[in-house]
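Subject: Handover of a structure and its findings

Dear colleague,

Please find below the structure that I am handing over to you. I would be grateful if you kept it open while you read the notes that follow it.

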Amino acid sequence: MNQVEKLPGSKQFAYSIGQLGWSILINIVNLQLVYFYIPPADSGLKSFIPQMVFLVVLNTLTLLAASGRLFDAITDPWIANLSDNWKSDKGRRIPFLKAGAFPAALFCVLIFIPISQDAGWINVAWLFFTQILFYLFLTVYVTPYFALIPELGHTSNEKLNLSTWISITYALGIVVASQVPVFAGVFKDLLGISDPIQLTQIAIAFVAFLAMLCMMVPVIFIDEKKYCRSIPSDVPLMEAVKRTFENQNFIYYVVADFSYFMGLTIMMTGLLYYITVLLALPGSMMALLLPLMVVISFLFYPIVNLLAKKTGKKILIVISFLFMSIIFLMNYFLGNLPIPNDTQAYLLIIFYAIPLAFVGILPNAVLADIAEHDALKTGVKQEGMYFAARTLMQKFGQTFGVLVFAMLTSLGKDQGDDLGIRLSGVVGFVLCATAGLYFIKYNEKKLLAEIEAMKKKEIARIMCE
């Protein structure tokens, strides 16, 4: 077994910048897609796709977005298996990062450049095509990227540090992506362009270019062969998927993760409704609330890291899920509490940001432990498949979350008729409570003890040779 070097702090930072890049891309789509294609009447934008409604509550854009997510989820195991089995002088992961960065940024931009200026079906086809390719190349980057966590981090604490770094840069990616309207205003002054559609497209192209540069940082600065023990797997795709879902530790993890992400998606999809419908506040408050949420989460990141090293990750994740479920339940009562509505909005964001800091960092480190344990136990290194299987279930959870919220809106989504929006909080409560209670079954102490024992055994074997 070849000795690999410990990843220095500068390389940890370089690795995390890749996360900043792809976070910017995915959040450009998350934040701008609906607004661009179904704009408010006073936005200065026009609709580019027919506003057909299916099954009462699902519009064209909802179905397109859901289909893109499902395609993305299905390709995860395929890309993971290719990466796990890849044989290259540059390693198993870095070549995929290099291949995915530019096309992902390109198709992120093309999503927002419809072919026709009219609301026609050709734009629906174009949006479907560009969205599918965007998610494909993003998966080419992201799945091998996450697989590097257990390979670059050689101890539980090192994996925790990497997870902390990438949680910070993911949150920063949300902030950068949310500045597209600001960049549009800057280009309006610089270029003398007044068309809001063209300005939005230029701003998205500029931010996506910055994202691509960030995604190339780990490609340029991390030598995978130097810092990773890269042993290609030869397990076929379906067998690798089967092996992953037969791991009981992973089942405890992924069921809780699926339930949490479904609840989280309902919460994030409904956030604007909670502010404008339940609290009767202007939607512009989101520009203050989201950065506030990110800043508060940042403040708790060092605490998360220190507590996890002292108490373990499992207990903190369980408490975070249960605490978040209570916050979701409180959404049902928004606007009816005996305190000012704007105070309710700030309290919602503040209390939500605290558990978000914990679940933003710790689950990736837990999964890295599970993947390392399996590799040591079986001799088969398929870290990519573990993170792909997690992402597969995560994206199913996100897709179902959007669909459930859309269906709930049929029960009321307007001021004075808001039952559906309020019930979304109850559904989120059930899902997050389920995640917390189910994850209790995961035996972290036993798994980490077995990892240490197997490592010592392997070191003793090498010294005897």
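Are lysine 313 and aspartate 369 buried or exposed? Lysine 313 is buried, and aspartate 369 is buried as well. Please bear in mind throughout that this is a predicted model.

Salt bridges

The side chains of lysine 313 and aspartate 369 meet in a salt bridge, with 3.0 Å from N to O. Lysine 313 belongs to helix α13 and aspartate 369 to helix α14, so the pair ties together parts of the chain that are 56 residues apart in sequence. Both residues also take part in a network of salt bridges that links Lys159, Lys313, Asp369, Glu372, Glu444 and Lys455.

In total, the structure holds 12 salt bridges. One of them joins the side chains of glutamate 151 and arginine 93, at 2.9 Å from N to O. This pair links distant parts of the chain: glutamate 151 is in helix α5 (residues 149-152), while arginine 93 is in the loop between α2 (60-85) and α3 (94-110), 58 residues apart. Glutamate 151 and arginine 93 are both buried.

Another salt bridge is formed by the side chains of aspartate 374 and arginine 243, at 3.6 Å from N to O. Aspartate 374 lies in helix α14 and arginine 243 in helix α10 (residues 237-245), so this pair ties together parts that are 131 residues apart in sequence. Aspartate 374 has a relative accessibility of 9% and therefore counts as buried, because buried means under 20%. Arginine 243, in contrast, has a relative accessible area of 23% and is partly exposed.

Aromatic pairs

A search of the whole structure finds 27 aromatic pairs. In one of them, the ring centres of tryptophan 22 and phenylalanine 146 are 5.9 Å apart and the planes are at 80°, so the pair is edge-to-face. Tryptophan 22 lies in helix α1 (residues 9-37) and phenylalanine 146 in helix α4 (residues 121-147), so the pair ties together parts that are 124 residues apart in sequence. Tryptophan 22 counts as buried at 10% relative accessibility, and phenylalanine 146 is buried with a relative accessible area of 9%.

Phenylalanine 134 and tyrosine 135 form a further aromatic pair, which is tilted, with 5.2 Å from centre to centre and 55° between the planes. Both of these residues are buried. You will also find one aromatic cluster, formed by Tyr15, Trp22, Tyr141, Tyr145, Phe146, Tyr170 and Phe387.

In soluble globular proteins, nonpolar side chains tend to be buried together. Here, the largest nonpolar core has 128 residues, and Leu25, Phe134 and Tyr260 have the most contacts inside it. Helix α14 (residues 341-378) gives the most to this core, with 17 residues. Not counting residues up to four places away in sequence, leucine 25 touches Ala104, Ala105, Cys108, Phe134, Leu138, Ala208, Ala211 and Met215. A second, separate core has seven residues, including Val235, Ala240, Val241 and Ala388.

How far apart are the end C-alpha atoms of helix α6 (residues 156-177)? They are 32 Å apart, which agrees with the 32 Å that its 22 residues should span at 1.5 Å a residue. Among the buried residues of α6 are Glu158, Lys159, Leu160 and Ile166.

Isoleucine 327 lies in helix α13 (residues 313-330). It counts as buried at 6% relative accessibility. Leaving aside neighbours within four places in sequence, isoleucine 327 is in contact with Leu348, Phe351, Tyr352 and Pro355. The C-alpha atoms of isoleucine 327 and threonine 276 are separated by 18 Å, and these two residues are 51 residues apart along the chain.

Cysteines

How many disulfides does a search of the whole structure find? The search finds zero disulfides. Cysteine 228 is buried, with a relative accessible area of 4%, and cysteine 432 is buried, with a relative accessible area of 0%.

Yours sincerely,
A colleague

How values were computed: Residues numbered from 1 in each chain as written. Predicted model: local features only at pLDDT ≥ 70, side-chain atom pairs only at ≥ 80, totals over all residues. Heavy atoms only, no water. Disulfide = S-S within 2.5 Å. Buried < 20%, exposed > 50% of the residue type's maximum accessible area, 1.4 Å probe, protein only. Phe/Tyr/Trp six-rings, centres within 6.5 Å; stacked < 30°, edge-to-face > 60°. Helix = DSSP H or I, 4+ residues; strand = E, 2+ residues; numbered from the N terminus. Core = buried A, V, L, I, M, F, W, Y, C linked by side-chain atoms within 4.5 Å. Contact = heavy atoms within 4.5 Å. Expected span 1.5 Å × (residues − 1). Salt bridge = Lys/Arg side-chain N within 4 Å of Asp/Glu carboxyl O.
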